Amino acid sequence: MRAKFFMVAGAAILLIAAVLYSLSGSKDYRSLNAKLTAAQIMHNPQRPLSTFSLSDHNGDVFNNNSLMGDWSLVLFIYTHCPDVCPTELANMAMLKAQLKNKHAAIIPKVVAITFDPLRDTPKVLKTYVAHFDKAFIGVSGDTQQIDQLVKDLGAYYERVVYDEAGKPITLKKHEPLPDDAIEKGYVINHTARVYLMSPDGQVLAGFPTPHKVDDMANDIELLIKAFEE
């Protein structure tokens, strides 16, 4: 009986999300651009997010359904990042605080997907993201599926290893890491855009750097209001 209830409830949530998506798909959000100070509209019903199935930092499945029903801020990170990623996660923590201070009706959840699943296991991510905010969700999994999400969202990354003389060598996109890469270390050059995902599980807007939390908070409220009208 309990299982049946959850199945019916889950189907109802998906149906509501699908209806919202079909309604939102007819909207033209480009007119909002003039009012936005930090965000850029990325809404495009003709290019839905690819189907994916990854793992969150608790080892549970994180897939398209995990982005449905709630607002989310999605960003790509890697835990060995020396500067950009910890800064961005700290910004997300400050953004949440700013939205709370503004008594925002909706505060999106923060989802950090790793560029580096080889080193960033769910266990590693759990410790890392919790350092910034215990509610943040770290996501890892299959490299190809992460790469597809990177492509869908217009992000970019490249891995850089070092030769015996310490000279940096940028690997081609699908070139495997050297066997000793983990031992010797490598870095990842990457974009740092933050994506606002609407409750239909699709990207509505992107926030390029620099991430000024006051401007982001104002834009998030405008975008949510426009979506729900």
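Predicted model: local features only at pLDDT ≥ 70, side-chain atom pairs only at ≥ 80, totals over all residues.

Me: What makes β2 and β3 a pair?

Reply: Two strands pair if at least two bridges are found between them. Strand β2 (residues 53-56) and strand β3 (residues 61-63) have 3 bridges and run antiparallel, so they meet the definition of a pair. Their hairpin has 4 residues between the strands, and G59 there takes a positive phi near 85°.

Me: How do you know that β2 pairs with β6?

Reply: The same test applies. β2 and strand β6 (residues 137-140) are joined by 2 bridges in the antiparallel sense, and at least two are needed, so the pair counts. Within this pairing, D56 stands opposite V139 in β6.

Me: Which sheet do these strands belong to, and why are β1 and β3 called edge strands?

Reply: They sit in an open sheet of 8 strands with mixed pairing, in the order β1-β11-β10-β4-β5-β6-β2-β3. β1 (40-41) and β3 are at the edges because each has a single partner strand, which leaves one side of each without a neighbour in the sheet.

Me: What holds strands of a sheet together in general?

Reply: Backbone hydrogen bonds do, in a parallel or an antiparallel arrangement.

Me: What are the partners of β11?

Reply: On one side, 2 bridges join β11 to β1, and the two run antiparallel. Here Q40 has G206 of β11 as its bridge partner. Strand β10 (residues 194-197) also pairs with β11, antiparallel and over 4 bridges, and L196 stands opposite A205. β10 and β11 form a hairpin with 5 residues between them, and G201 in the turn has a positive phi of about 80°.

Me: Why is β11 called mostly covered?

Reply: A residue is buried when its relative accessible area is under 20%. In β11, 5 of its 5 residues are buried, so the label follows from that cut-off.

Me: And H103: is this residue buried or exposed?

Reply: H103 has a relative accessible area of 72%. The cut-off for exposed is over 50%, so the residue is exposed. H103 is found in the loop between α2 (84-101) and β5 (109-114).

Me: What makes the backbone of H103 worth a remark?

Reply: Its phi is near 55°, a positive value in a residue other than glycine. Most residues other than glycine have a negative phi, and most peptide bonds are trans.

Me: Where is there a cis peptide bond, and how do you know that it is cis?

Reply: It joins T209 and P210, with omega at about 0°. P210 lies in the loop between β11 (203-207) and α6 (213-228).

Me: Which residues are closest to the centre of the largest pocket, and what is its volume?

Reply: The largest pocket has a volume of about 320 Å³. Of its 17 lining residues, T143, D147, Y157, R159 and K173 are the closest to the centre. α4 (143-152) and β7 (157-162) each supply at least two lining residues, and the largest share, 5 residues, comes from α4.

Me: What lines the second largest pocket?

Reply: The second largest pocket has a volume of about 250 Å³. Of the 14 residues in its lining, M42, N44, R47, D152 and V203 are the closest to its centre. α4 gives the largest share here, 3 residues. The lining has 7 nonpolar, 4 polar and 3 charged residues.

Key:
Residues numbered from 1 in each chain as written. Heavy atoms only, no water. 1 Å grid on protein atoms, 1.4 Å probe; cavity = no way out; pocket = protein on both sides within 12 Å on 5 of 7 lines; lining within 4 Å. Points joined across faces, edges and corners; volume = space filled by probe spheres on them. Nonpolar A, V, L, I, M, F, W, Y, C, P; charged D, E, K, R; others polar. Buried < 20%, exposed > 50% of the residue type's maximum accessible area, 1.4 Å probe, protein only.
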